[in-house]
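Biologist: I am new to this structure. Please take me through a single part of it, one residue at a time.

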Amino acid sequence: MNVTLTESKVQSYQAVTPTTVRIELDNSQTVFLRLSEPWILNQGDLVAIAGFQDHQSNVLIGYGYINLSQHVKSIGRSHGGPFFLFGALLSIITLGIIAFIFSGEGMIAFSDILTTFPLAVVLLFSGFFIWIGVKAKRKERYVKRMLEQVEMKDSHESRRLEQSI
């Protein structure tokens, strides 16, 4: 996954919802920031935004930000956990049913094999749910790591500034 990080001053912003905002940065980049809590921005604030670049619209879809001017940090939740849990539970139940169908007989009947085809489809769907959950959690983790690097860099710079004074 290619996480994009951009640091710039806020030129203008427009609230979409209490947790979503469209931002125009000084570097002429447009950002659509989606969070799980209300955002805190003012015009002229220095922000670092991590997200994924939409190459069709040339807009950065931000999933986390640090407002370096106001010392505020927020990362959007991925909500991948419920998808993962549903897929895992569905897989366990389906595998249990398949094991029940094939247990107890020395020979596998053709009707048993036909019965498992719908269950195989259910297993595919459960795998899809697991994949969505893992992918969403991975995206959240990448954004979090990127913003932690910015925080570390910012804290090192502020310490150097304090030491020089």
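Modeller: Start with V21, a residue of strand β2. Strands are DSSP runs of E, at least two residues long, and helices are runs of H or I, at least four; both are numbered from the N terminus. The model is predicted, so local features need pLDDT of at least 70, side-chain atom pairs count only at pLDDT 80 or more, and totals for chains, interfaces and linings use all residues. Residues are numbered from 1 along each chain as its sequence is written, and side-chain values use heavy atoms, with hydrogens and water left out.

Is V21 buried or exposed? V21 is buried, because its relative accessible area is 0%. Buried means under 20% relative accessible area, exposed over 50%, and partly exposed in between, with a 1.4 Å probe and protein chains only.

Now its surroundings. V21 and F32 sit 11 residues apart in sequence, yet their C-alpha atoms are 6.0 Å apart in space. Setting aside neighbours within four places in sequence, V21 is in contact with Y13, Q14, A15, V16, V31, F32, L33, W39 and L41. Contact means heavy atoms within 4.5 Å.

Next comes Q29, in the loop between β2 (20–25) and β3 (30–34). Q29 counts as buried because its relative accessibility is 16%. Its side chain joins that of Q53 through a polar contact of 3.3 Å. Such a contact is a pair of N or O atoms within 3.5 Å; within protein, one must be able to donate a hydrogen and the other to accept it, and residues adjacent in sequence count only if both atoms are side-chain atoms. Beyond four places in sequence, Q29 is in contact with T6, I23, E24, Q53 and L60.
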